[in-house]
Amino acid sequence: MNSLTITRPDDWHLHLRDGAMLAGVLPYSAAHFSRAIIMPNLVPPVVTTADAAAYRNRIEMALPPGSTFQPLMTLYLTEATDADDVARGFQEGVVRAVKLYPAGATTNSQSGVRDIEKVVPVLERMAEIGMPLCIHGEVTDADIDIFDREAVFIERVLEPLRRRVPGLRVVMEHVTTKNGVDYVLANPKGLAATITTHHLIINRNAILAGGIRPHYYCLPVAKRETHRLALRAAATSGDARFFLGTDSAPHTDASKQTACGCAGIFSAINTMACLAHVFEEEEALDRLEAFTSLNGPAFYGLPPNEARMHLKRAADPIAFPPRIETGEGPVTVFDPMFPIHWFVADEAG
Ligand code: DOR
Ligand code: ZN
């Protein structure tokens with residue numbers, strides 16, 4: 001197959017940052033995606049409905065002229081989050097979901113949750129009104145090996161939490177393990193997972209074999225090959241509980257290529273091209289649309305986009321830029337380590 005038409009995709013997990021970085025990266029997401037769930041881990045974080053409305057406004061101001069890209073805002077859950085403010089934001093359509101970061105789990109997560117008990121009233125309120133909770137599912141205990149943090153989180157935190165607040169709609173963000181996939185598959189109701197493009201493509205060798213490669217370092221960290229294969233099977237299965245969240249997370253080269261580099265992979269530019277390659281490899285191009293464009297809206301209770309996207313396969317590999325320039329400095333683009341032949345034929349502004 002050399003061309004494919006799908007419902008225009010959405011990105012259910014995206015970091016856009018703020019200021020000059022926002023201006024530098026936003027056009028790439030807006031060119032391919034109609035909507036995106038915007039992560040709230042700014043400094044300081046987006047914690048109230050007023051913060052989310054102000055951030056949404058800054059995103060809209062940074063959009064290329066004529067763009068119809070719609071940022072779907074999230075709130076950063078803290079132990080001081082006000083349930084009334086959350087409910088009001090949801091009911092007014094300003095806020096679509098709340099994000100739970102265990103304190104210390106990743107970039108700018110210092111204000112995250114230490115004691116789940118403290119946020120139970122907010123979670124109960126969210127369950128009542130049908131508001132989704134997006135979870136960064138990693139424990140942060142120093143004695144837990146970094147490659148085990150997701151599996152341990154499921155056992156120690158997620159399963160007890162879902163029992164404590166039945167009816168809470170949960171998205172396990174960026175699942176990276178077979179454990180995560182199996183947990184979703186075993187729970188038919190109110191649970192879904194996003195999967196990133198890069199976790200379908202790299203395993204931990206990409207980061208560590210033959211030299212340390214900081215541009216493949218993200219959190220949760222890529223795991224061993226068996227896990228990548230489980231993620232591929234889930235993403236390409238068509239199962240409505242799995243959908244795309246790119247977790248495209250720009251950091252400048254200076255902040256990644258250093259003794260203690262930041263976690264994050266910037267893939268907004270070539271995500272759709274990489275996904276077409278992956279789904280073609282898995283003989284599942286007919287299920288790409290479910291993963292990128294149908295399953296996410298269904299979980300979030302939104303209609304799929306009316307617009308379409310045309311993807312084409314070129315005979316010669318496409319030259320994506322190795323890095324982009326932003327007002328904060330260069331940002332390296334995800335290199336999937338295979339020649340990319342697919343491209344989006346009808347980029348929007
Ligand atoms: O790799 C990551 N980068 N994982 C996260 O959870 C956060 C993100 C970021 O904000 O840079
Ligand atoms: Zn993220």
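This is a predicted model: local features need pLDDT of at least 70, side-chain atom pairs count only at pLDDT 80 or more; totals for chains, interfaces and linings use all residues.
**Conventions.** I number residues from 1 along each chain as its sequence is written, and chains are lettered from A and ligands numbered from 1 in the order in which they are written. Local features need pLDDT of at least 70, side-chain atom pairs count only at pLDDT 80 or more, and totals for chains, interfaces and linings use all residues.

**Entry 1: annotated site.** I took from UniProt (unreviewed entry) the feature "binding site" at H13, H15, K99 and D247. These residues are spread over 235 residues of sequence, yet cluster in space, with a largest C-alpha distance of 13.3 Å. Such annotations may be inferred rather than shown by experiment.

**Entry 2: H15.** I located H15 in the loop between β2 (11-14) and α1 (19-32); strands are DSSP runs of E of at least two residues, helices runs of H or I of at least four. H15 has 25 C-beta neighbours inside 10 Å and therefore counts as buried (20 or more other C-beta atoms within 10 Å, placed from the backbone). Leaving out residues up to four places away in sequence, H15 touches M39, S248, A249, P250 and G264 (C-beta atoms within 7 Å).

**Entry 3: D247.** I found D247 in the loop between β9 (242-244) and α9 (253-256). D247 is buried, with 28 other C-beta atoms within 10 Å. With residues up to four places away in sequence not counted, D247 touches H13, H174, T196 and C218.

**Entry 4: helix pair.** I noted that α5 (residues 149-164) and α6 (residues 178-185) pack at about 30°, axes 8 Å apart. They are therefore roughly parallel (angles under 35 degrees). E150, A151 and I154 of α5 meet N179, G180 and Y183 of α6.

Conventions
Axes are lines fitted to C-alpha atoms, for helices over the stretch in contact, and angles run from 0 to 180 degrees between N-to-C directions. Angles under 35 degrees count as roughly parallel, over 145 as roughly antiparallel, 65 to 115 as roughly perpendicular and the rest as oblique. Two residues are in contact if their C-beta atoms, placed from the backbone, lie within 7 Å. A residue is buried if 20 or more other C-beta atoms lie within 10 Å of its own, exposed if 12 or fewer, and partly exposed in between; C-beta atoms are placed from the backbone.
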